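Here are some notes to read alongside the structure, taken one topic at a time. Please keep the sequence and the 3D view open while you go through the points.

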Amino acid sequence: MSIQNTLKALSDPTRREILNLLKEKTLSAGEISDKFDISFAAISRHLSVLKEADLIRDERDGKFINYTLNVSVLEEIMLWISDLKGDASK
């Protein structure tokens, strides 16, 4: 996992909103695209960035690709940030 890729992916509000949608349930690219007022190509690019950062996983189901949230990477980032913050009781 590259922290740089992950933080870059999380820096964009559209990508953060896609992650919020995926925390609820698995969605296809079309279902994700329907939630936004931007082109399907732009959504596809956002999905690629999230996938490169390992924040989401994809699985082909016939002609559809379904996306799910990869919570293990988010947990690693949270642990890293918590470690940076340090122990406040010291």
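Predicted model: local features only at pLDDT ≥ 70, side-chain atom pairs only at ≥ 80, totals over all residues.

1. As for overall dimensions, the C-alpha trace spans about 55 × 25 × 20 Å along its principal axes. The chain has 90 residues, of which 31% count as buried. When contacts between residues at least 6 apart in sequence are considered, 51% of them join residues at least 24 apart.

2. How do H1 and H5 pack, and at what angle? Helix H1, residues 3-10, and helix H5, residues 71-85, pack at an angle of about 100 degrees, and their axes are 11 Å apart. Because angles from 65 to 115 degrees count as roughly perpendicular, that is the description that applies to H1 and H5. On the H1 side the contact is made by Ile 3, Thr 6 and Leu 7, which meet Val 73, Ile 77 and Trp 80 of H5. The residues of this contact comprise five nonpolar and one polar, with no charged residue.

3. Within H1, the buried residues are Thr 6, Ala 9 and Leu 10. Seen down the axis of H1, these buried residues fall within an arc of 95 degrees, and so they line one face of the helix. Among the elements that cover them are helix H2 (13-24), helix H4 (40-52) and H5.

4. The largest nonpolar core has 20 residues, and those with the most contacts inside it are Ile 18, Leu 22, Ile 32, Leu 47 and Leu 55. Two or more residues of this core come from each of H1, H2, helix H3 (29-33), H4 and strand E3 (64-69). In soluble globular proteins, nonpolar side chains tend to be buried together.

5. One backbone angle deserves a careful look. Most residues other than glycine have a negative phi. Asp 54, however, has a phi near 65 degrees, which is a positive value in a residue other than glycine. Asp 54 lies in the loop between H4 and strand E2 (56-61), and with a relative accessible area of 30% Asp 54 is partly exposed.

Methods. Residues numbered from 1 in each chain as written. Heavy atoms only, no water. Axes fitted to C-alpha atoms, helices over the stretch in contact; angles between N-to-C directions. Helix = DSSP H or I, 4+ residues; strand = E, 2+ residues; numbered from the N terminus. Parallel < 35°, antiparallel > 145°, perpendicular 65-115°, else oblique. Contact = heavy atoms within 4.5 Å. Nonpolar A, V, L, I, M, F, W, Y, C, P; charged D, E, K, R; others polar. Buried < 20%, exposed > 50% of the residue type's maximum accessible area, 1.4 Å probe, protein only. Arc of directions from axis to C-beta. Core = buried A, V, L, I, M, F, W, Y, C linked by side-chain atoms within 4.5 Å.
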